[in-house]
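Biologist: I am new to this model. Please take one part of it, look at it closely, and tell me what lies around it.

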Amino acid sequence: MSDVIARAAELLREHRDSIDRLDAILVFTLAERFKHTQSVGRLKAEHHLPPADPAREAIQIERLEKLAKEADLDPEFARKFLNFVISEVIRNHETFQK
């Protein structure tokens, strides 16, 4: 029985190590994404464009839902995640407008 428990503990550690690596990838990817959206926000402010672009947002949400399905990820979760990211981007764009 202890071999089974030891193997389970090893598998758990491996999964957690993978999760930790993926969390780091997510954080660095989001940081890179926000660097680009900050540049977009500055451009919008310079050219007096609105901080939000509902047409693009709708296209992006549809695109992400499709990608989620392809990746076997709940599309509703992907939509909620992108909506959260978009709301943060718009909030940042609004600060450039001030």
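Modeller: I will start at the end of a helix. α1 is followed by H48, whose phi is positive, near 55°. Helices here are DSSP runs of H or I with at least four residues, strands are runs of E with at least two, and both are numbered from the N terminus. This is a predicted model, in which local features need pLDDT of at least 70 and side-chain atom pairs count only at pLDDT 80 or more, while totals for chains, interfaces and linings use all residues. Residues are numbered from 1 along each chain as its sequence is written, and side-chain values use heavy atoms, with hydrogens and water left out.

Most residues other than glycine have a negative phi. H48, found in the loop between α1 and α2, has a positive one although H48 is not glycine. H48 counts as exposed, at 71% relative accessibility; exposed means over 50% relative accessible area, buried under 20%, and partly exposed in between, with a 1.4 Å probe and protein chains only. D72 lies in the loop between α2 and α3. Its phi is also positive, near 60°, and D72 is exposed, with a relative accessible area of 76%.

The buried residues of α2 are E57, Q60, I61 and A68. Seen down the helix axis, they fall within an arc of 105°, so they line one face of α2; the arc is that of the directions from the axis to the C-beta atoms. They pack against α3, where contact means heavy atoms within 4.5 Å. The face turned away from this buried side carries A55, I59, E62, K66, K69 and E70, which are exposed.

α1 has 45 residues, which should span 66 Å at 1.5 Å a residue, and its end C-alpha atoms are 65 Å apart, which agrees.

Next, the pockets. On a 1 Å grid over the protein atoms alone, a cavity is a set of points where a 1.4 Å probe fits but cannot get out; a pocket is an open set with protein on both sides within 12 Å along at least five of seven lines, and lining residues have an atom within 4 Å of a point. Points are joined across faces, edges and corners, and a volume is the space filled by probe spheres set on them.

The largest pocket holds about 470 Å³ of space. Its lining has 16 residues, and L30, R33, L64, F81 and L82 are the closest to its centre. α1 (2-46), α2 (54-70) and α3 (75-97) each supply at least two of the lining residues. Twelve of the lining residues are nonpolar, two polar and two charged. Nonpolar covers Ala, Val, Leu, Ile, Met, Phe, Trp, Tyr, Cys and Pro, charged covers Asp, Glu, Lys and Arg, and the others, Gly among them, are polar.

The second largest pocket holds about 320 Å³. R33, T37, R56, V89 and H93 lie nearest its centre, out of 15 lining residues. α1, α2 and α3 are the elements that give two or more residues to this lining, and α3 gives the largest share, five. By class, this lining has seven nonpolar, three polar and five charged residues.

Key
Expected span 1.5 Å × (residues − 1).
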